[in-house]
Amino acid sequence: MSAEMRLKELGLQLPAPAAALANYVPFTISGKILIVSGQLAFGADGKLAPEHCGKLGAQVSPEAGREAARLCAINLIAQARAATGSLDAIARVLKLGAFVNAAPDFTAIAPVVNGASDLMVDVFGDKGRHARAAVGVAVLPLDSAVEIEAWFELA
Amino acid sequence: MSAEMRLKELGLQLPAPAAALANYVPFTISGKILIVSGQLAFGADGKLAPEHCGKLGAQVSPEAGREAARLCAINLIAQARAATGSLDAIARVLKLGAFVNAAPDFTAIAPVVNGASDLMVDVFGDKGRHARAAVGVAVLPLDSAVEIEAWFELA
Amino acid sequence: MSAEMRLKELGLQLPAPAAALANYVPFTISGKILIVSGQLAFGADGKLAPEHCGKLGAQVSPEAGREAARLCAINLIAQARAATGSLDAIARVLKLGAFVNAAPDFTAIAPVVNGASDLMVDVFGDKGRHARAAVGVAVLPLDSAVEIEAWFELA
């Protein structure tokens with residue numbers, strides 16, 4: 001099944017891709033590599049919900065963190081479609097770089113980031129299985145609970 | 001206008017590129033991709049000025065942080081020229097990975113990193129518009145206020 | 001001398017490569033680029049030793065941190081061999097992305113990461129000299145003292 005069909009089957013509406021806020025762009029392409037800028041946990045309304053702001057291990061619950069990671073993934077996919085016109089032009093997800101806004105003693109980083117990894121596989125199937133690095137950082141822009149960047153391979 | 005000409009017009013002197021301090025190198029090239037190692041906010045004298053050491057949200061003001069990011073970008077460009085002989089061999093800036101040394105409650109990460117993004121566009125024009133990820137980290141080498149790595153595409 | 005021969009000469013046994021713990025994979029390949037997921041400081045027994053858990057500048061000594069970085073590098077190399085069948089299929093190490101679990105005042109990040117950089121050169125010789133970014137993060141998965149991802153070029 002194609003990624004565009006899976007998206008439909010999942011009932012997922014991609015949001016309008018967020019504009020870059022400065023002299024950078026949401027994505028660049030070099031040869032077959034598509035690089036998507038770090039995406040925050042903006043919801044479908046383009047806003048950070050209060051439950052997706054703050055630190056894991058403090059204001060943000062593991063469940064809300066996982067949902068924040070999922071939102072980052074949705075925003076990455078929205079950018080990938082804006083870059084290519086159709087998700088079916090994506091050969092595979094190569095890598096996620098995931099940054100979790102975390103209190104210094106919050107070590108359960110991986111389950112939070114799984115919210116993004118799982119969505120990639122939901123949408124892209126086996127082509128969605130990616131390399132990843134996941135770390136806990138001191139703080140993120142706008143206090144987003146999660147930020148994730150992605151590298152895709154184009155078909 | 002070429003990047004080398006813009007550099008001259010901006011009156012920017014590139015510093016001697018910083019040597020890697022260990023068993024790594026300032027840059028590697030694979031095909032058309034040039035990867036430049038994370039650069040600290042060293043000034044033209046090769047030193048970290050006191051105002052570019054420490055954390056945003058603590059010792060370092062937003063304005064000084066922005067200037068530190070600009071210095072990181074200048075050092076990235078110096079490495080890119082050392083790698084290629086001329087900035088005109090750069091087809092475009094693909095991606096910046098920006099790390100801001102930040103107190104856990106300092107969420108205005110993006111404006112700090114704009115100091116680097118803006119310089120890339122000042123020097124490379126539209127080819128300087130890049131994907132980026134910007135995060136706040138617990139600490140950086142030598143307590144530099146900012147560290148930025150870059151991916152370029154060669155012409 | 002080939003990397004496989006150097007490995008033997010160093011008396012280094014590569015561990016069984018760690019399985020990914022979720023919907024991601026230990027590595028992806030695109031063209032000549034091999035991306036290996038962030039590796040933690042697991043020992044040969046697949047476990048994090050107590051001395052490689054926690055923060056540099058707190059529970060973890062600089063010497064133990066350096067050893068943790070070396071273990072990350074060994075695990076990266078184990079994944080690279082699993083990906084290729086033989087380290088001699090690696091043309092070079094392109095980049096390490098190194099994350100050190102650090103107290104906010106621990107600025108000696110570079111010497112810790114040298115534990116990984118040195119091993120890459122021990123095993124790959126000049127082909128092991130890589131670009132790198134090294135930062136201090138708030139926390140890492142399972143409280144590993146270090147996490148490192150790698151980009152390799154295939155022959």
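These notebook entries record what I looked up in the structure shown above.

**Entry 1. Ground rules.** I am working with a predicted model, in which local features need pLDDT of at least 70, side-chain atom pairs count only at pLDDT 80 or more, and totals for chains, interfaces and linings use all residues. Residues are numbered from 1 along each chain as its sequence is written, while chains are lettered from A and ligands numbered from 1 in the order in which they are written.

**Entry 2. The sheet of chain C.** I looked up the strands (DSSP runs of E, at least two residues, numbered from the N terminus, as are helices, which are runs of H or I of at least four residues). In chain C, five strands form an open, mixed sheet in the order β1-β2-β5-β3-β4. Two strands are taken to pair if DSSP finds at least two bridges between them. I noted β1 and β4 (131–137) of chain C at the edges; each has a single partner strand, so one side of each lacks a neighbour in the sheet. From one strand to the next, the twist averages 15°. I then followed one pair: β3(C) and β4(C) run parallel and are joined by seven bridges. Within β4(C), A133(C) is the residue opposite G97(C).

**Entry 3. Helices across the sheet.** For the angles, axes are lines fitted to C-alpha atoms, for helices over the stretch in contact, and values run from 0 to 180 degrees between N-to-C directions. Contact between two residues requires their C-beta atoms, placed from the backbone, to lie within 7 Å. I found helix α2 (residues 62–84) of chain C lying across β1, β2, β3 and β5 of that chain, at about 35° to β5(C). Helix α3 (residues 109–124) of chain C lies across β3, β4 and β5, and runs at about 160° to β3(C).

**Entry 4. Chain B against chain A.** The contact involves 26 residues from chain B and 24 residues from chain A. On the chain B side, β3 (90–101), α3 (109–124) and β4 each give two or more residues. I note that β4(B) gives the most, with seven residues. The chain B side divides into 14 nonpolar, five polar and seven charged residues. Here Ala, Val, Leu, Ile, Met, Phe, Trp, Tyr, Cys and Pro count as nonpolar, Asp, Glu, Lys and Arg as charged, and the others, Gly among them, as polar. Only 8% of the interface residues of chain B are also interface residues in chain A, so the copies meet through different surfaces.

**Entry 5. Chain C against chain A.** Here chain C contributes 24 residues and chain A 26 residues. On the chain C side, β1 (27–30), β2 (33–40), β3 (90–101) and β5 (146–154) each supply at least two residues. The most come from β2(C), with four residues. I recorded 14 nonpolar, seven polar and three charged residues on this side.

**Entry 6. Positive phi values.** D143(A), in the loop between β4 (131–137) and β5 (146–154) of chain A, has a positive phi near 65° without being a glycine. L142(B) is partly exposed, with 17 C-beta neighbours inside 10 Å.

Technical notes:
A residue is buried if 20 or more other C-beta atoms lie within 10 Å of its own, exposed if 12 or fewer, and partly exposed in between; C-beta atoms are placed from the backbone.
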